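Subject: A structure for you to look at

Hello,

I am passing on a structure that I have been going through, and I hope you enjoy exploring it.

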Amino acid sequence: MAFRGGAKRSLGSILCSRVLPNTSYTSSTASAANGRGFSTWVSSKRASFARAAEIPASFPPKFASTRCGSALFLRGFSVEASSADQMSLIKQLRERTSAPIKDVKAALIDSNWDIEAAQKELRRRGKVLASKKSSRMAAEGLLALAQNENKAAVIELNCETDFVARNDIFQYLALALAKKALLVECSSQLVSGVFNIASKDLEDLKLDLGHPKVSGETTVHNAITEVAAVMGENVKLRRGIVMSTSSHGVVSTYLHTSPQPGLGRIAGILSLAVEDKITQLDPIQRIGSQLAMHVVAAKPLFLTKELVSSDALESEREILKSQAESTGKSQMAIEKMVEGRLRKYYEEVVLMEQKFIMDDTITIKKLLENLSKEVGSPVKIESFFRMEVGEGIQRLEASSTSEHVAQAI
């Protein structure tokens with residue numbers, strides 16, 4: 001009789017007690033679980049095995065450690081996409097947007113695994129986050145160069161990490177911005193072939209990146225915001241310059257640490273002018289390219305000694321005088337030491353006085369004299385410019401003062 005009495009317990013009740021021991025799982029609890037995507041557990045004593053509990057797609061946290069019988073396997077189901085489908089959707093959306101995988105998954109879950117709705121949600125969230133991140137320091141990035149016969153443009157596009165700078169979407173944007181800068185007409189800022197471009201000069205221009213993931217015509221401002229949203233970082237067009245030359249000259253460029261043509265981390269730009277129209281352009285272009293490389297390596301600050309600012313000269317003189325006085329020598333000896341060291345200073349910071357990096361037996365001045373003899377007409381450097389990613393940003397963040405870059409005009 002004891003056996004028969006025990007047999008009156010429904011198999012569903014036994015299963016529930018085996019899987020969820022010491023737990024009273026009411027219909028209200030089941031309803032709440034369903035609201036979170038869990039299936040309902042049947043705990044009625046009269047439930048048949050056919051109506052036995054269906055395993056939730058994922059157990060609530062308080063049941064996560066529950067141990068089932070070793071031979072007991074129950075059927076489970078989920079109203080959501082299967083795991084394989086979910087992984088496929090995550091992969092597809094990641095390929096479409098390049099957004100971080102955690103953001104992709106969150107957007108799909110919030111959009112009930114509708115990939116189109118999730119993509120729109122990602123773009124919306126990204127733009128909101130991009131505006132919030134716009135104040136964060138962006139000291140990494142790339143320089144992009146665009147050039148035609150007598151003009152070159154270089155822009156600096158910044159981001160927060162080198163990882164983003166290596167992304168092809170970011171690189172597409174940098175190259176597209178350089179091409180736009182090249183089309184900007186010279187304004188009143190033009191001085192001896194060099195003028196600066198601020199981000200506001202470009203932000204309203206139309207732009208199409210032509211990238212599979214970020215396509216369609218939009219403004220420069222919106223394109224930068226869109227890329228910032230996709231990358232999840234602050235992306236900023238910091239600055240740009242355009243250098244042009246006369247019809248008798250050439251503009252030569254060099255990019256250092258270049259991941260692909262037109263991109264790099266350090267740029268040297270230099271314009272050479274020839275007094276008379278000549279047909280021998282090859283020697284001019286060859287020496288121009290070498291000089292652009294020299295500008296990157298030697299870091300000149302001024303073109304000639306006459307262009308060294310009085311402030312820079314006075315500051316250097318004071319430093320040298322203080323160093324000479326510490327030797328305890330006479331005043332006359334100190335003055336000679338200062339003048340000698342000033343000549344060394346000129347050789348370090350003045351382009352025309354520097355030794356040529358490819359042949360340190362001659363100076364840049366001598367190199368140009370030799371080139372002039374070769375082409376049969378006087379050749380001179382009109383202007384040069386050196387730009388490096390992130391230079392001056394730390395100081396700017398600290399003092400909010402305007403930066404100074406190596407240039408001569």
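To begin with, is L270 buried or exposed? L270 is buried, with a relative accessible area of 0%; here buried stands for under 20% relative accessible area, exposed for over 50%, and partly exposed for what lies in between (1.4 Å probe, protein chains only).

Before going further, some notes on the source. This is a predicted model, in which local features need pLDDT of at least 70 and side-chain atom pairs count only at pLDDT 80 or more, while totals for chains, interfaces and linings use all residues. Residues are numbered from 1 along each chain as its sequence is written, and side-chain values use heavy atoms, with hydrogens and water left out.

Back to L270, which belongs to strand β9 (residues 266-274). Helices (H or I, at least four residues) and strands (E, at least two) are DSSP runs, numbered from the N terminus. The C-alpha atoms of L270 and A152 are 9.5 Å apart in space, although 118 residues separate the two in sequence.

Helix α9

Helix α9 covers residues 220-231, and its end C-alpha atoms are 16 Å apart, which agrees with the 16 Å that its 12 residues should span at 1.5 Å a residue. The expected span is 1.5 Å times one less than the number of residues. How many of the 12 residues of α9 are buried? The count is 9, so the helix is mostly covered. Among the buried residues are V220, I224, V227 and M231.

M231, in helix α9, has 11% relative accessibility and counts as buried. Its C-alpha atom is 9.8 Å from that of A165, a residue 66 positions away in sequence. Just after α9, G232 takes a positive phi of about 75°.

K213 lies in the loop between β4 (206-207) and β5 (218-219), and K213 is partly exposed, at a relative accessible area of 34%.

Salt bridges

Side chains of opposite charge can pair when their charged atoms come close. A salt bridge here is a side-chain nitrogen of Lys or Arg within 4 Å of a carboxyl oxygen of Asp or Glu, and the count comes to 10 salt bridges.

One of them joins R239 and E391, with the closest N and O atoms 3.0 Å apart. R239 lies in strand β6 (residues 236-244) and E391 in the loop between β12 (379-388) and α14 (393-399), so this pair ties together parts that are 152 residues apart in sequence. R239 is buried, at 11% relative accessible area, whereas E391 is partly exposed, at 21%.

Another salt bridge links D162 and R166, at 2.3 Å from N to O. D162 is partly exposed, with 34% relative accessibility, and R166 is exposed, with 52%.

E369 and K366 also meet in a salt bridge, at 3.8 Å from N to O. Both belong to helix α13 (residues 364-375), where being 3 residues apart separates them by about one helical turn. E369 is partly exposed at 39%, and K366 is partly exposed at 35%. Elsewhere, salt bridges that share partners join E156, R238, R239 and E391 into one network.

Aromatic rings

Rings of Phe, Tyr and Trp (its six-membered ring) pair if their centres lie within 6.5 Å; planes under 30 degrees apart count as stacked, over 60 as edge-to-face and the rest as tilted. The count comes to 1 aromatic pair. Its rings are those of Y345 and Y346, whose centres are 6.2 Å apart and whose planes stand at 50°, so the pair is tilted. Y345 is buried at 10% relative accessible area, and Y346 is buried at 17%.

The charged end of K305 sits over the ring of Y346, 5.5 Å from its centre. For this, NZ of Lys or CZ of Arg has to be within 6 Å of the ring centre and within 35 degrees of the ring normal.

Happy exploring, and best wishes
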